[in-house]
Amino acid sequence: MTGNNFSSKMETMDKKGYTPLEIVDKREWREDFFSLFFHSPLLTSSLRSGHFLMVRDPDAPTLLSRPFSMGRLFHDEGIFELFFQVVGKGTESMARKRVGDTLSVLGPLGNPFPLEKPGRVLLIAGGRGISPFLSALPVLAESKRDYSLLYGAKTARTLLFRPFLADFPVSYRTDDGSFGQRGLVVDGLSREVDLVFACGPEKMLERVALFYKDLPTEVYLSLEERMGCGTGICYGCARKVRTDRGVEMVRVCEEGPVFEASRVVWDE
Amino acid sequence: MSDLSFSIGPLRFPNPVVLASGTAGYGYELEPYIDLDLLGGFITKGIYPAPRAGNPSPRVYETPSGMLNAIGLQGIGMVRFRDEVLPFWERYKPPLGINVAGECPEDYARVVEYLDSHPRIDFYEINLSCPNVQTGGRSPSWFPEETKGILSTLRPLTKRPLIAKLSPHARSVEEIAFAAQEAGADGVSLINTFIGLAVDLKSRRPILHNLFGGVSGPAVKPMALAMVYKVFQRVSLPILGMGGIVSGRDLLEFIVAGASGVQIGTATIVDPQAPLRILREASELLPSLGCDSLGELRGSLKPYR
Amino acid sequence: MPSVILANTPLSPRHNLLRIHAPRIARRGGAGQFVIVIPDESSERLPLAICDLSPEEGWIETVYRKQGGPGAHLAERQRGEELYSLTGPLGNPISKERWGHALLVGREAEGSLLYLLAKELLKEGNRVSVLLSAPKREELLLADRFQSLPLQFLTATDDGSAGFPGTGEALFEKVCAGESFQRLFLSGPLEMMHRIAHESAPYEIPGEASLHVLMLDGTGMCGSCRVRVEDRLCLACLEGPSFDIRKIDWESLAPRMQAQDLWQLSPAVSKPSQDIPAQEDSFDKNRREREELWRKELRANLSAKERTSRLKVPLPLRPVEERLKDFSEVSPGYSRQEALLEASRCLDCPTPSCMRGCPVEIRIPSFIKNIERGDFKSAASVLRENNVLPGVCGRVCPQEELCEGHCLYNRLGLPPVSIGALQRFAIDYALQEGWCFPLPLPTPRERIAVIGSGPASLSAAGELSRWGYSVTVFESLHLPGGVLMTGIPEFRLPKERLLAEIKEIKRLGVEIQTDFVVGKTATFEELKEEGYQAFFIGAGAPKPVLLNIDGEMLNGVYSAGEYLTRVNLMKAYLAREGASPLVRGRKVAVIGGGNTAIDCARTARRLGAKGVVLVYRRTEREMPARKDEISYARQEGIEMTFLTRPLRFLGDSHGWVVGMECQATRLSEPDASGRRRPVDVPGGTSRIEADVIVNALGTLPTPILSSALPGLSIGPEGRIEVTDELATSVPGIFAGGDAVRGGATVILAIKDGRTAARSIHHYLSLHRSRGSR
């Protein structure tokens with residue numbers, strides 16, 4: 001077979017690929033936080049809390065796609081929110097995008113939080129880590145289970161989505177006491193839970209893992225790592241995780257980003 | 001209909017798009033994104049005799065028009081490779097190349113000796129850029145004698161085509177290519193990544209945990225093209241050119257410089273469907289250049305002097 | 001070299017079958033041969049007999065017991081993982097002939113090698129019967145494989161769960177009564193083989209038994225595999241491991257075979273490794289350098305009178321109680337201040353007599369003056385020009401006889417400049433700062449093979465590499481360094497320092513392949529075919545000189561080589577963490593008077609021995625050891641008994657040594673070495689109590705190489721004969737160091753390496769110009 005008769009085969013529907021999506025809305029929050037909204041009923045219905053998306057701006061000077069956590073899901077409208085903070089060149093150029101611009105999006109990627117597991121749930125969010133829980137809270141509320149969210153940040157200004165969160169059982173913490181209780185998120189951990197989902201800075205995740213280490217609670221952490229492709233082919237985002245074979249370098253984009261806390265190997 | 005095929009020794013590649021080692025895993029990672037049967041060829045992640053963890057993270061970082069990678073040749077080892085990867089590829093037809101790595105000539109030999117009896121393998125790409133103990137931690141691909149040494153050790157071990165993967169850091173890439181030809185290689189692929197460094201100003205630390213990494217992507221295309229041209233002038237071996245190919249135009253430029261086929265790497269990392277897009281663009285462009293086949297275009301660069 | 005595991009599967013409740021990817025060994029190995037496996041970096045060297053192999057698929061198989069330290073380590077490894085090291089094939093293959101009807105009797109893991117033997121014998125056209133015994137049916141190892149061969153397969157189980165109900169010996173009797181056999185092969189536990197050998201006597205069936213003895217290196221270096229065969233002590237790894245059934249002294253083997261599973265012993269017994277630069281005359285070069293401006297200014301800075309009035313800076317020594325608790329060096333070396341001060345004492349003589357005392361003619365004043373001016377990098381460069389291992393030499397050379405012994409200060413009645421300590425300072429500094437040798441010329445030159453990785457070989461390899469040659473060093477053990485690694489204790493030469501200096505040599509482009517026994521892993525012919533055009537043999541003199549006296553087979557009796565190798569190489573001093581079981585004696589006796597004997601004695605003290613005595617047949621004055629080592633030994637509480645030699649070793653009922661009977665001697669006229677000959681004093685016998693005895697009487701070269709090179713001319717005591725240019729009787733093969741001199745000093749080995757390098761270069765240049773290969 002020569003290499004020519006493939007055009008038709010390339011667009012097979014069963015293969016995943018980047019889709020061009022138009023920005024339908026944009027919000028600029030405080031402290032360099034932004035949200036972009038996209039219309040895609042397909043993606044909105046297949047995204048779960050803990051998934052991530054790879055997003056690329058074909059016009060940007062940056063080459064690689066960037067991984068993003070999605071925020072809220074608006075199922076009726078078929079719209080999902082992309083929530084991020086500007087931390088580098090890629091996010092900077094994303095922040096300058098306007099309604100009507102097109103971005104290439106690939107997803108859902110990674111393994112989501114196992115929300116369907118039974119038991120009392122505690123969600124722990126540190127700073128930007130609030131992102132995946134924005135889609136989890138409505139799901140948990142509907143299930144009528146015992147659940148709550150512990151959300152902490154440095155100061156009140158970096159605690160976001162408070163109006164949205166007002167409908168859910170949230171307890172807030174700030175380092176400086178400017179809102180909610182004063183102190184770190186890890187000071188407010190409860191033993192009376194069966195399932196813990198955490199997302200936030202690595203140090204926070206490590207302390208959460210340590211707290212629940214000898215307890216029967218099942219703990220799941222969403223890890224972050226510098227990514228190359230996001231699709232599992234470059235092995236750039238690997239970190240040490242315990243598997244059946246022993247400690248191996250495991251891809252965060254493919255086997256994660258959600259991992260069971262006991263399997264994560266922490267750096268000294 | 002244009003003829004996009006090319007050959008290395010008796011092995012025929014249906015089209016010039018070959019996926020570069022380390023940029024598409026072992027193949028099954030890419031399966032959800034493209035029809036693997038449409039590829040011109042596939043080269044697997046580098047294999048050592050034993051499993052290898054690779055470097056601690058961070059292992060990747062974006063650079064202007066490119067990226068740095070310091071994966072560190074993470075690999076499952078030759079036994080698991082034979083058990084898991086080769087059976088997977090039995091479902092697909094493209095020529096399959098095994099990228100062989102090693103810390104000493106013995107390592108390379110062990111991998112080839114162990115795998116060669118498996119029927120699915122079509123060719124070997126010898127990764128001479130691995131730091132080797134006998135070169136004091138430097139890469140054999142910088143030294144003609146070392147290159148010859150490793151390839152001559154491997155030549156009697158297999159009848160399949162051996163392709164030497166060259167590093168741009170040799171004092172003279174053409175000299176290394178020539179040494180490979182002398183040692184019995186059937187082809188050369190160039191260029192492997194450039195050594196690069198990224199600095200975090202705030203912490204005064206390198207961004208990559210490993211300190212140095214390999215630079216790839218559009219930024220390196222001009223250097224890669226130059227080296228392909230030079231090597232093409234020096235050896236008669238078929239060349240697989242690589243370095244920043246992200247479009248059909250790029251692909252054909254490499255053919256003009258002297259390559260028989262190309263390898264796509266960084267482009268796939270950016271978009272897993274890129275290889276097939278690049279192939280389509282190239283095949284659409286070829287007739288407009290007045291050519292029916294790649295062969296007509298190959299090595300057709302005409303310098304002024 | 002490392003090898004990948006293809007399978008590690010349970011064969012029975014107590015045994016596993018290990019299949020290893022090893023194409024080279026599979027192509028050359030034969031039944032009766034064994035390999036040495038080190039599962040991971042911290043494990044013991046495990047000798048394992050080959051029970052099957054496939055040259056086509058490139059693997060070998062062996063059966064091993066899962067219990068015991070190394071066996072347990074090995075059992076945890078999985079398919080696809082790499083073994084830290086694999087060496088082989090070692091020992092001699094059982095000769096394959098057409099005997100007629102052969103009977104193979106085996107049991108346990110040792111019996112599994114009979115499978116490969118059966119296959120080989122069948123191929124030769126023999127009729128084969130195999131008799132396998134086991135405690136119960138599950139432990140009849142490889143039964144299905146034996147059954148698949150066209151042979152008579154007989155089994156006996158102690159509990160009657162399969163085959164003949166009873167012992168293998170009982171079945172043997174029965175079988176021999178009914179059939180006639182022309183050849184017998186035994187491989188199993190010692191008691192079984194002994195009984196069968198005994199039972200077979202009336203039938204007069206000739207045959208061999210494979211002796212699975214304690215082993216450390218497997219290449220004739222340590223002497224732990226010694227067995228008594230027909231009144232002679234042989235090394236099983238060199239002459240066996242199979243021996244004629246009638247000639248084996250079965251009783252003598254008992255203690256050593258029982259100790260095979262030292263890991264099973266109770267803790268009470270305690271557990272216990274262009275062209276090249278023209279050869280400018282060193283003196284001329286030093287004279288030239290002496291005239292440089294900075295040297296003149298430096299000399300002018302301080303008058304000779306001031307220099308000579310300065311006191312020698314003493315080398316700081318750690319207190320004895322502290323030294324005995326660990327294996328760190330006696331002295332941390334000079335500090336920067338101390339080095340600068342001591343360097344200022346050197347007068348920078350126009351005709352330096354110190355250089356005449358140095359076998360490699362280091363430009364001593366040049367390096368010392370560089371230290372004085374604070375340029376430690378240049379000091380290190382000067383040292384490295386003539387010596388690839390200057391840090392080692394700074395620590396182990398007998399400076400009192402060499403450089404320091406010739407220093408002008410001696411004639412002034414003052415202590416000589418501490419050249420050795422200054423040398424050590426400069427190189428330790430260089431290694432710390434990461435200063436390397438300058439990189440070699442890039443011109444591609446011929447490939448040279450160097451055998452052994454001790455000082456002579458490293459020196460030759462380093463020099464040749466600097467001239468652009470492509471050098472590969474082949475080392476039979478799993479770590480490089482030769483005697484520097486295995487023989488010299490950690491507290492005299494830290495291994496980390498040695499490895500740092502070897503790393504510098506590797507940076508010159510020298511490749512070191514470990515676990516490679518030239519003569520076994522590959523022959524000289526094969527290496528020549530691979531493209532090596534010249535060879536240097538620096539295989540040393542590792543074979544222990546055995547006493548050949550009664551009681552030498554007792555447990556607790558070690559050759560110095562085995563004792564020091566276990567401690568240095570296998571880190572036996574790390575007790576439970578280290579791999580090698582070493583019996584730490586409470587009372588240790590060391591026989592000998594050289595540096596090796598002192599090293600053994602000081603090692604024993606650090607291992608916790610309460611009483612250590614050195615037994616020497618001459619007096620202190622004749623002792624060849626370094627003076628400061630003797631004084632350190634005395635400080636560390638080691639007793640010395642002179643004019644005494646051992647008569648026999650005494651043991652208890654378990655086969656452990658408890659002491660030795662000695663003979664008093666006196667000195668008479670000088671012998672061939674120039675030293676006075678010790679003769680026995682009639683009636684002067686005595687007894688020394690000891691639960692560990694170390695024999696440090698000296699070493700000889702190994703015969704492994706000479707048997708691999710028939711044309712090689714060997715002189716008395718196995719020393720290779722060479723010309724002044726260190727060429728051997730085989731063209732293209734050169735030799736030096738202990739392999740030629742017998743046990744000698746490190747610095748002389750280094751000198752030989754340099755001489756040979758130059759000779760090899762001339763040899764190859766000649767061939768190049770003639771166009772011949």
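Me: Which residue of chain C forms a salt bridge with Arg110(B)?
Reply: In this predicted model, the rule finds four salt bridges across the interface of chain C and chain B. In the one that involves Arg110(B), the closest N and O atoms are 3.0 Å apart, and the cut-off for such a pair is 4 Å. The partner of Arg110(B) is Glu82(C).

Me: Which element gives the most residues to the side of chain C that touches chain B?
Reply: The elements of chain C that give two or more residues to this side are β1 (3-10), α1 (23-28), α24 (495-507) and β20 (511-513). By class, the side has nine nonpolar, five polar and eight charged residues. The element that gives the most, with four residues, is β1(C).

Me: What share of the area that chain C buries against chain B comes from His21(C), Arg79(C) and Glu511(C)?
Reply: The contact takes 22 residues from chain C and 16 residues from chain B. Between the two chains about 1600 Å² is buried, with carbon and sulfur atoms giving 55% of it. Of the area that chain C buries there, His21(C), Arg79(C) and Glu511(C) supply more than any other three residues, namely 26%.

Me: How far apart are the nearest C-alpha atoms of chain A and chain C?
Reply: Two pairs of chains touch, and the pair with the most contacts is chains A and B. Chain A and chain C do not touch. The distance between their nearest C-alpha atoms is 9 Å.

Me: With which side chain does the side chain of Ser260(B) make a polar contact?
Reply: The residues in contact with Ser260(B), leaving aside neighbours within four places in sequence, include Ile239(B), Ile255(B) and Arg298(B). The polar contact between side chains is at 3.4 Å. The partner is Arg298(B).

Me: Which residue with a positive phi follows α4(A)?
Reply: Helix α4 (residues 133-142) of chain A has buried residues, among them Phe133(A), Leu134(A), Leu137(A) and Leu140(A). What covers the buried residues of this helix includes β4 (66-74), β7 (121-126) and β8 (147-153) of chain A. After the helix comes a residue whose phi is near 55°, Lys144(A).

Note on methods. Residues numbered from 1 in each chain as written. Chains lettered and ligands numbered in written order. Predicted model: local features only at pLDDT ≥ 70, side-chain atom pairs only at ≥ 80, totals over all residues. Heavy atoms only, no water. Contact = heavy atoms within 4.5 Å. Buried area = accessible area lost by both parts, 1.4 Å probe. Salt bridge = Lys/Arg side-chain N within 4 Å of Asp/Glu carboxyl O. Nonpolar A, V, L, I, M, F, W, Y, C, P; charged D, E, K, R; others polar. Buried < 20%, exposed > 50% of the residue type's maximum accessible area, 1.4 Å probe, protein only. Polar contact = N/O pair within 3.5 Å; in protein donor to acceptor, adjacent residues only side chain to side chain.
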